[in-house]
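Subject: Structure handover and contact notes

Dear colleague,

Here is the structure for your files. My notes on the contacts follow below it.

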Amino acid sequence: MAAGDDRPGEAHPQDVQGFRHGRVPRAVRAQQLLDCAEALFVEHGLDGVSVEDICRAAEVSRPVFYDHFGSRTGAYIACVRRIRQEFQEGLLGLMRAAEPADLATVFRVAGEAFFTLIEQAPHRWAMLYPAMGLSRESADQLESLREETVQTLVVLIRTRLPEFSTTDAMVAAQMISGGGEQLGRWWLRHRDEASRDEVIDAYQRYATAALLGM
């Protein structure tokens with residue numbers, strides 16, 4: 001059958017960014033699979049999504065999926081990696097534009113980036129901290145991704161605050177990451193009790209006071 005001679009009512013996979021099914025570049029297909037997988041994980045959680053669900057949403061075969069990610073958990077970790085990379089890029093952009101380079105500004109900018117993500121995409125943010133459904137190896141991979149974010153913060157802090165020792169910068173980075181995570185969990189459940197700006201103000205104030213007292 002010649003191109004364009006599809007039978008009426010016959011189902012055909014949709015094009016992906018203008019590429020016909022079967023001719024989609026690997027990088028484009030990987031992003032499409034991530035988009036489909038992330039949407040499903042956000043809605044149903046890791047345990048509520050199967051490989052078949054992702055394949056159906058992306059209109060690909062299981063071999064195509066496995067060639068990209070190896071497993072359902074592999075796809076989940078790839079989604080988390082992309083979310084963290086986007087967060088880190090946003091944080092870097094805000095930090096470069098921020099003046100002056102003092103500790104309070106570091107916490108303010110980190111808080112702005114962190115709580116904006118929570119406010120705009122709470123379920124996407126929650127993917128960074130799955131409660132269950134991961135093997136020890138997979139959990140270790142997610143922890144390694146979190147440590148990459150912390151190391152990014154350490155570099156930012158030491159670049160803008162060269163008087164900080166490596167230890168002080170690490171403590172500050174862990175407080176930004178861990179404290180923000182716990183505060184974010186609380187705020188997701190109690191957004192009627194405090195606005196985003198109020199939470200960021202308090203986060204900046206108390207975290208800065210704690211570090212300046214070291």
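The structure holds 15 salt bridges, a salt bridge being a side-chain nitrogen of Lys or Arg within 4 Å of a carboxyl oxygen of Asp or Glu. Before the details, two remarks on the source. This is a predicted model, in which local features need pLDDT of at least 70 and side-chain atom pairs count only at pLDDT 80 or more, while totals for chains, interfaces and linings use all residues. Residues are numbered from 1 along each chain as its sequence is written, and side-chain values use heavy atoms, with hydrogens and water left out.

Side chains of opposite charge can pair when their charged atoms come close. Arg-124 does this with Glu-38, the closest N and O atoms being 2.5 Å apart. Helices here are DSSP runs (H or I, at least four residues), numbered from the N terminus. Arg-124 is buried, at 17% relative accessible area, and Glu-38 is buried at 11%. For these labels, buried means under 20% relative accessible area, exposed over 50%, and partly exposed in between, with a 1.4 Å probe and protein chains only.

Arg-124 also meets the side chain of Glu-86 in a salt bridge, at 2.9 Å from N to O. That pair again links distant parts of the chain, with Glu-86 in helix 4 and Arg-124 in helix 6, 38 residues apart. Glu-86 is partly exposed, with a relative accessible area of 38%.

A local case is the salt bridge between Asp-140 and Arg-136, where the closest N and O atoms are 3.5 Å apart. Because they are four residues apart in helix 7 (residues 136-160), Asp-140 and Arg-136 are separated by about one helical turn. Asp-140 is partly exposed at 39%, and Arg-136 counts as exposed at 67% relative accessibility. Elsewhere, salt bridges that share partners join Arg-108, Glu-112, Glu-119, Arg-196, Asp-197 and Asp-201 into one network.

Aromatic pairs

Rings of Phe, Tyr and Trp (its six-membered ring) count as a pair if their centres lie within 6.5 Å; planes under 30 degrees apart are stacked, over 60 edge-to-face, and the rest tilted. By this rule there are nine aromatic pairs. One of them is Phe-41 with Tyr-76, edge-to-face, at 5.0 Å centre to centre and 70° between the planes. Phe-41 is in helix 1 (residues 26-44) and Tyr-76 in helix 4 (residues 72-97), 35 residues apart, and the pair links these distant parts of the chain.

Since Phe-107 lies in helix 5 (residues 103-120) and Tyr-203 in helix 9 (residues 196-212), the contact ties together parts that are 96 residues apart in sequence. Phe-107 is buried at 0% relative accessibility, and Tyr-203 is buried at 8%. Ring pairs also link Phe-87, Phe-107, Phe-114, Phe-115, Trp-125, Trp-187 and Tyr-203 into a cluster.

Charges over rings

A charge sits over a ring if NZ of Lys or CZ of Arg is within 6 Å of the ring centre and within 35 degrees of the ring normal. The charged end of Arg-191 is placed this way over the ring of Trp-187, 5.8 Å from its centre. Arg-205 lies over the face of Tyr-206, 5.1 Å from the ring centre.

Helix packing

The axes of helix 7 and helix 8 (residues 166-189) come within 8 Å and cross at roughly 125°. Axes are lines fitted to C-alpha atoms, for helices over the stretch in contact, and angles run from 0 to 180 degrees between N-to-C directions. Helix 7 and helix 8 are therefore oblique to each other; angles under 35 degrees count as roughly parallel, over 145 as roughly antiparallel, 65 to 115 as roughly perpendicular, and the rest as oblique.

Regards

Definitions and conventions
Helix = DSSP H or I, 4+ residues; strand = E, 2+ residues; numbered from the N terminus.
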